4 protein chains.
Amino acid sequence: MLGIESQVGSPKLEAHMVKVEVLDHGFVELIDVMGSDEEVENAARISYGKGTRKVSQTRNLIRYLMRHKHTSPFEMCEVKFHIKLPIFVMRQLVRHRTANLNEYSGRYSIMSDEFYLPDEDYLQPQSQDNKQGREEGELGNTISDIHFEINRINDGAWMAYDNMINWNVAKELARVVLPVSNYTEVIWKTDLHNFFHFVKLRSDKHSQREIRDYADAMYHLVFPHFPLCCEAFEHYVRNAVTFSEQEMDVIKELLEHADTKAGLAGCMADYEGWHLGKRETKEFLEKIGKE
Amino acid sequence: MLGIESQVGSPKLEAHMVKVEVLDHGFVELIDVMGSDEEVENAARISYGKGTRKVSQTRNLIRYLMRHKHTSPFEMCEVKFHIKLPIFVMRQLVRHRTANLNEYSGRYSIMSDEFYLPDEDYLQPQSQDNKQGREEGELGNTISDIHFEINRINDGAWMAYDNMINWNVAKELARVVLPVSNYTEVIWKTDLHNFFHFVKLRSDKHSQREIRDYADAMYHLVFPHFPLCCEAFEHYVRNAVTFSEQEMDVIKELLEHADTKAGLAGCMADYEGWHLGKRETKEFLEKIGKE
Amino acid sequence: MLGIESQVGSPKLEAHMVKVEVLDHGFVELIDVMGSDEEVENAARISYGKGTRKVSQTRNLIRYLMRHKHTSPFEMCEVKFHIKLPIFVMRQLVRHRTANLNEYSGRYSIMSDEFYLPDEDYLQPQSQDNKQGREEGELGNTISDIHFEINRINDGAWMAYDNMINWNVAKELARVVLPVSNYTEVIWKTDLHNFFHFVKLRSDKHSQREIRDYADAMYHLVFPHFPLCCEAFEHYVRNAVTFSEQEMDVIKELLEHADTKAGLAGCMADYEGWHLGKRETKEFLEKIGKE
Amino acid sequence: MLGIESQVGSPKLEAHMVKVEVLDHGFVELIDVMGSDEEVENAARISYGKGTRKVSQTRNLIRYLMRHKHTSPFEMCEVKFHIKLPIFVMRQLVRHRTANLNEYSGRYSIMSDEFYLPDEDYLQPQSQDNKQGREEGELGNTISDIHFEINRINDGAWMAYDNMINWNVAKELARVVLPVSNYTEVIWKTDLHNFFHFVKLRSDKHSQREIRDYADAMYHLVFPHFPLCCEAFEHYVRNAVTFSEQEMDVIKELLEHADTKAGLAGCMADYEGWHLGKRETKEFLEKIGKE
């Protein structure tokens, strides 16, 4: 629809996958990248100057930065995407205010005639538990009847739009009948720190499944360009668990019961097996009050 | 629909209008204000400290700040609104990234059954001149036929949404059939500097008429709380005109032709009449190369 | 030095402490507040609309928002301070980019003749452990000799500055000799969400002790205006503990050893005692893999 | 001092100058660039989609975007610098909040022993006119005496710092004696739109001459990577002139006097010579009320 030529020409980008299809008509394309794991390290080293020689490995430094929320070096990299997505997903994407974006304009151009129709396995009942989610279960009508209902609206809306365009109604007005399932396109760019924040929030299970698909696709494309940063992000942010002050009381109490010498010692002996180095082991024991 | 009690209880807010209706079902309500003309002055004076005694009047100082783009003092004030607006206008409002906002959630709650239907005088043809606007002229069908077409979609979409809700389709999915004319609500807050920037852009004639109505209503409510700041904004920003380097060459050339002594002198004699003080007259003569 | 009148006139502010002295010549003054615990709730309810009736208590709602990082409602409140602080602390404060600020200008006005001289208990040796901190221990000289050294520089720099001003050197140049211990002043304003983020980072033990004193003083002044938000912030953010993916493996393994029925059951029986309600208990058991 | 290897290895960067020396010990180095004139065009075209074919030339499109303040496409490019600069200049640079930065840390590492000493032609008296500037004129002492005074403070401060480091005072404390003329280093990155805004403000004659030198050097390095964007920036932003509502009254009145047919016609005939195309001529006549 857009007809812009892919900007992706550099060997760097071409070495990895650049495009993933998402939902029924959407896609995510990684069109440019600034930086690399090494540039994150370079940016960090400016803070440390001469005193920095001993922290010698890129991986260790990146993990240290991620663990201690030293976010500035990650801000020195950028990722830029061309995304095709339904308007209701765009409305969630735009809430990430540190990103730069340029969206297809329905005031200037004819809107797309493509609409999102949820697949059978996406069409689920309201969650009982989570007021803003869905869950497995029975619906009050068949999938084909629901698809018919949705298609009826999409087709009708498109026809009304098309009629109004033919009657020369201004495009900025005619579009008001189009549903939020209508596809739009956007160039979207953000720095690596804010990209991770976006992925953390939008690939979360509380996020709407449709934007989760986009977040997952974007992360998949970015990973090979920043493998060490992404690994650290997964370990220290995405898969990390936070306990409140009250929960920590419970954890500590529970661990009191665990503190038969045998149990704890057996556990500690395996620390290296869990890849907690010396410094992280010390940090961990502090957190659970066993230092 | 929302049922939140108006937070507006302070005598300060109640002394002025707090709510304006916009479009067919929308409104703008000013629910809180931080600061005043005097607080802009106070914030500015911290930059100047002891050296500041001579610039004695609030109005002069505020005009000086606005003219020279010293924006920080204006950032020290905030305005907060409760707004009801169609989704397509919300999609323009959300692009102002320095604002804070909290929008009604279609994942969590049932959407409104109200939709924007453009009035007869808003329903105009595509502008020939401006690819993203409308203009006076003939449409290819009657207003009532077009209204019928729009209402048909709105009613159909609402019925489909209602059916899906009854079949227990998750709210976050059922809503995808609703058109962007559907009304939503938002709490929206920004600082005074960015509010002025918003008003400059969105009350401009190139802006879509619907969001212009909102911007005008918001400005109308804010004005009495910051009369001196608003006056300065109008004089130095909203009604100011910027000429490019090339246009300035033309202006200067034209003024050469004007520079019969009589013409210019007559003009200069009236400067005070146009409210250009001594300092601004000097700045003006510099700009047109007549210093 | 500034001579601005305190803007604090509203009964709301006067009901609580508004000013705290910090370090030897500094202070923090809370000069304006927008919002309250109730306004956070009001802002949140707009997302929930009609579906919201059951979540009835302000405190519960605020705790839910904080726990689940629904940050927008907290952005609807603002706190504004007048702060006097050394330049090196200002250099840390300014890094919080979402804040608005207006600083005393050394280009426009004569700088202050006050300089930060660290108290005896602040003057500590370089930490062995933490390359960017200090710790208890012996210094290589007496406090009075070190004070003499610092005062010598402060006095000399002030005299040089004063001389240059007398020789009519431009203020913006003369100031370059002043050390970063020199006091400056700033009006600083931010929203409540970003204020909490600032407090989390700057009242942390890894933060430099001088800015910690400022962060603590600011938090102390803000607390009475948002007691429920602050309580939730302490429980779910400031005193929360985050474990990495690898640390969670260790925790879960340790809790396996704890899982004698007696131990865990005893623990669980007391949950209410630790103030974990039903929903949080469920969340907790999920986190430790015992759901 | 830093010892980081230049990241500049791509042929794209090497084709142009990458480093400029600034002041006595400072420099600006362009270490990475994302995008180009063509990518600005590509980003813009996404807004226009199918309707866009006629606006065919990159240069025309870029000029149109700049003139009408369509800033999003310029945000799709990034420039990243390694800069060495005095602390007082850093304090001005950091105020541009949309930039990302990572600065050398005086808590972690030994500070530089280099200090800014203003050259003879930079050492000027306080401006009579402009309370925050300098101007040509007589000083109350000789340059060499002033240099002696400044050097005395720099040397003394460095010695005191060095002494305290030797007495094992924590680095984060010892540094408080160092003057704001002390050099620091930073990695600084921003998008092209905000870079232009920075250049507009900081290369202005009201800006302090030292940061102007940095802004000019940065612009010089960026220019060859975005020649069309930079040209448009100069014509429509940097060298543009804005007239207030009152000033426009004067301009229009003056042009009345100019409106001998001969004068205006002569002027208009040359429009193409001034490179105002048909569309801009129309816009211009509107601005001066001659449409």
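**Helix packing and chain contacts in a predicted model**

Helix 7 of chain C and helix 9 of chain C are oblique to each other, a label for angles that are not under 35 degrees (roughly parallel), over 145 (roughly antiparallel) or 65 to 115 (roughly perpendicular). The model is a predicted one, in which local features need pLDDT of at least 70 and side-chain atom pairs count only at pLDDT 80 or more, while totals for chains, interfaces and linings use all residues. Residues are numbered from 1 along each chain as its sequence is written, and chains are lettered from A and ligands numbered from 1 in the order in which they are written.

To return to the helix pair, helix 7 (residues 192-202) and helix 9 (residues 227-238) of chain C pack at about 45°, and their axes are 11 Å apart. Here axes are lines fitted to C-alpha atoms, for helices over the stretch in contact, and angles run from 0 to 180 degrees between N-to-C directions. The crossing of helix 7 of chain C with helix 9 of chain C is right-handed, that is, the near helix is turned clockwise from the far one by less than a right angle. On the helix 7 side, the contact is made by C:L192, C:F196 and C:K200, and on the helix 9 side by C:C229, C:F233, C:V237 and C:R238. Residues are in contact if their C-beta atoms, placed from the backbone, lie within 7 Å. Five of the residues in this helix contact are nonpolar, two are charged and none is polar. In this scheme Ala, Val, Leu, Ile, Met, Phe, Trp, Tyr, Cys and Pro count as nonpolar, Asp, Glu, Lys and Arg as charged, and the others, Gly among them, as polar.

Turning to chain A, twelve helices and six strands are found, taken as DSSP runs (H or I, at least four residues, for helices; E, at least two, for strands) numbered from the N terminus. Chain A has 291 residues, and 48% of them count as buried, with 20 or more other C-beta atoms within 10 Å of their own. Of the contacts in chain A with a separation of 6 or more, 73% join residues 24 or more positions apart.

Next come the contacts between chains. Chains A and B meet through 49 residues from chain A and 49 residues from chain B. Helix 4 (87-93), helix 5 (143-166) and helix 6 (171-174) of chain A each give two or more residues to the chain A side. Helix 5 of chain A has the largest share, eleven residues.

Terms used. Two residues are in contact if their C-beta atoms, placed from the backbone, lie within 7 Å. A residue is buried if 20 or more other C-beta atoms lie within 10 Å of its own, exposed if 12 or fewer, and partly exposed in between; C-beta atoms are placed from the backbone.
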